[in-house]
Amino acid sequence: MCGIIGAVGRDDDTLDVLVHGLSKLEYRGYDSAGVALADESVDICKQAGEIDELRAALEGRSIGGSVGIGHTRWSTHGPPTNENAHPHQDCSGDVAVVHNGIIENYQQLRDELVSAGHTFRSDTDTEVVPHLVEEQLRGGTDPEAAVRAAVDRLEGSYAVAVVIAGVERIFAARNDSPLVLGLDDETAASDGGEQRGSAYYLASDVPAFRDHTDRVVYLDDGEFAVLGADGWRVTTLAGEPVEKRVDTVDWDPEETGKSGYDHYMLKEIHEQPRSLRQSLSERVDELGGSVDVGELADLNPRGVQFVACGTSYHAALYGAELFRQAGIPAQAFRASEFATSPPPIGDALVIGVTQSGETADTLSALREAQRRGARTLGVTNVVGSTVARESDHVFYIRAGPEIGVAATKTFASQLASLNLLALGMTSTDGAREIISALRDLPGQVQEVLDASAAREVAETYVESDAYFFIGRELNYPVALEGALKLKEITYKHAEGFAAGELKHGPLALVTDQTPVFAMVTGDGELAQKTIGNVKEIEARNAPVVAVTDGQSDVERYADHVLRIPETHPRTAAVLSNVQLQLVAYHTAALLNRSIDKPRNLAKSVTVE
């Protein structure tokens with residue numbers, strides 16, 4: 001949650017760098033935004049609302065400084081108001097702070113600071129930080145030591161960045177909340193043709209500064225960074241030097257643009273063929289009938305426990321079914337429940353599925369599993385993320401950067417990657433057929449995108465009271481995901497069910513104003529049982545939208561049909577999901593919703 005950007009060494013264009021960086025981070029929060037620039041004094045401008053509101057507030061104002069930090073907020077403490085927007089200052093106005101996370105002991109610290117004479121202007125937990133720094137500075141502590149001492153008082157999760165008047169440095173620290181440095185050590189020509197020196201950046205995510213550099217350093221928990229125009233260094237909070245590896249980001253900054261699409265979500269839906277090719281590339285040997293998952297093939301799990309949240313949890317349910325089909329006991333758990341009340345783990349492999357690699361609940365679950373002696377595997381999209389660094393093993397889904405809050409292409413790549421893991425780590429019946437279907441999957445997704453009737457379906461049912469989604473086995477997670485996508489971006493009530501459960505209560509909600517989307521693929525026992533459920537729905541006069549490959553006769557009982565190519569049941573689930581993504585997108589567009597910035601949501605949930 002929330003987005004942080006910082007820059008030093010940019011001289012006169014520091015403000016532009018900050019605002020541009022915030023626009024690249026807005027998927028992390030868009031309740032409010034603000035910037036602080038420091039030289040001999042600290043200038044701040046912050047505004048409730050989206051980044052455009054901040055831009056409007058900056059017009060006509062003269063804000064300058066060689067060092068700057070910015071923030072875009074997803075509210076945890078206090079509503080989205082100008083006062084609660086970051087950056088926050090101390091009483092003197094000489095210290096400015098931005099923060100992502102939750103300071104659990106903030107009330108105790110606030111009471112202490114108020115007793116010492118400090119005045120607070122916001123409802124946020126963050127505001128204690130600048131006052132803690134101020135308290136240290138009043139006692140004669142030097143700026144860097146003052147920030148270290150303030151951070152040392154904090155309990156909870158945080159990524160903190162601090163600027164101080166008269167100090168040409170940014171001080172930053174992290175604990176359970178992501179923070180990454182960007183290094184631009186080489187001289188580069190400015191727009192005016194002049195040469196400038198080195199510039200350094202920090203952010204909660206790489207897109208904030210990817211336009212300026214591809215060289216990054218990922219901070220770990222308990223680390224403290226100092227950035228100035230003359231260089232950077234990382235230590236422990238206590239001041240012990242830390243050697244850090246410099247990584248290179250392998251994706252182009254253009255990948256985070258809209259490329260002519262109206263919304264990031266639509267662009268990313270249409271990027272799924274490419275993302276799937278990237279996920280499968282060099283990992284599938286169709287001629288040999290095998291997949292290559294490297295060292296992971298030697299894990300030989302006797303049991304698997306998945307932990308995940310949201311869309312990734314739906315992918316985990318799908319993955320657990322794949323392992324069960326291969327004869328390996330497997331379950332999927334919501335990470336927030338696993339972290340606080342873990343089941344018996346035994347010798348199971350615990351697999352954390354997280355797009356960002358920073359999901360707080362999933363990290364907590366994996367850490368709890370490690371405390372209990374379990375082996376862990378992170379399945380993530382982000383190289384260098386916390387999950388990638390902390391897990392015993394990692395498997396990258398390689399979907400490319402995803403900006404839309406509602407996950408689309410990363411879900412498809414998660415399903416493809418879990419297929420690869422299940423095939424590579426187990427003895428799976430019919431592996432050659434599955435591998436062949438995986439090879440054909442990117443092209444078949446393109447077929448769905450080119451011929452989908454989703455917009456017509458959305459137009460027909462846009463005014464419906466509620467929406468229900470049903471499916472069996474591998475289509476059950478897709479039903480859950482279809483409902484989640486619809487509710488996330490349309491704000492309409494939607495629920496997904498295992499098809500057989502509809503008659504055990506939820507059928508009471510079905511009316512002629514509640515369309516039911518039924519995933520029916522193949523013509524076997526599962527399909528026939530789901531058709532029986534469709535008939536039950538039809539008998540209640542509810543409209544039915546069948547998502548089908550045409551192998552069964554479900555179309556006889558459906559009011560609308562969304563077709564997918566005939567394929568293996570594993571890949572059919574991916575294709576069905578694409579149709580449901582399009583239905584959600586077009587419904588939201590017809591309702592004029594904020595598709596890329598759905599209310600109350602943010603892309604990377606880094607708080608518990």
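Q: Two strands pair if DSSP finds at least two bridges between them, so in what order do the strands of the open sheet come?
A: In this predicted model, the open sheet is formed by 8 strands, which follow one another in the order 3-2-4-1-12-9-13-16, and their pairing is antiparallel.

Q: Which strands stand at the edges, and why is one side of each left without a neighbour?
A: The edge positions are taken by strand 3 (42–48) and strand 16 (247–248), and because each has a single partner strand, one side of each has no neighbour in the sheet.

Q: Over how many bridges do strand 1 and strand 4 pair?
A: Strand 1 and strand 4, the latter covering residues 67–73, are joined over 6 bridges in the antiparallel sense. Within this pair, isoleucine 5 has glycine 70 of strand 4 opposite it.

Q: Changing topic, what does UniProt list as active site?
A: The unreviewed UniProt entry gives Cys2 and Lys603 under "active site", and such annotations may be inferred rather than shown by experiment.

Q: Where does cysteine 2 lie, and is it buried or exposed?
A: Cysteine 2 is in the segment that comes before strand 1 (3–8). Its relative accessible area is 6%, and because buried means under 20%, cysteine 2 counts as buried.

Q: What about holes inside, how many cavities of 30 Å³ or more does the count come to?
A: The count comes to 3 cavities of 30 Å³ or more, and the second largest cavity has a volume of about 30 Å³.

Q: Which residues line the second largest cavity?
A: The lining of the second largest cavity consists of Leu363, Leu366, Arg367, Gln370, Thr376, Val387, Glu390 and Ser391. By residue class, this lining divides into 3 nonpolar, 3 polar and 2 charged residues.

Q: Which helix supplies the largest share of that lining?
A: Helix 10 does, with 4 residues of the lining of the second largest cavity. Helix 10 (360–371) and helix 11 (386–390) each contribute at least two residues to this lining.

Terms used: Residues are numbered from 1 along each chain as its sequence is written. This is a predicted model: local features need pLDDT of at least 70, side-chain atom pairs count only at pLDDT 80 or more; totals for chains, interfaces and linings use all residues. Side-chain values use heavy atoms; hydrogens and water are left out. On a 1 Å grid over the protein atoms alone, a cavity is a set of points where a 1.4 Å probe fits but cannot get out, and a pocket is an open set with protein on both sides within 12 Å along at least five of seven lines; lining residues have an atom within 4 Å of a point. Grid points are joined across faces, edges and corners, and a volume is the space filled by probe spheres set on the points. Ala, Val, Leu, Ile, Met, Phe, Trp, Tyr, Cys and Pro count as nonpolar, Asp, Glu, Lys and Arg as charged, and the others, Gly among them, as polar. Buried means under 20% relative accessible area, exposed over 50%, partly exposed in between (1.4 Å probe, protein chains only). Two strands pair if DSSP finds at least two bridges between them.
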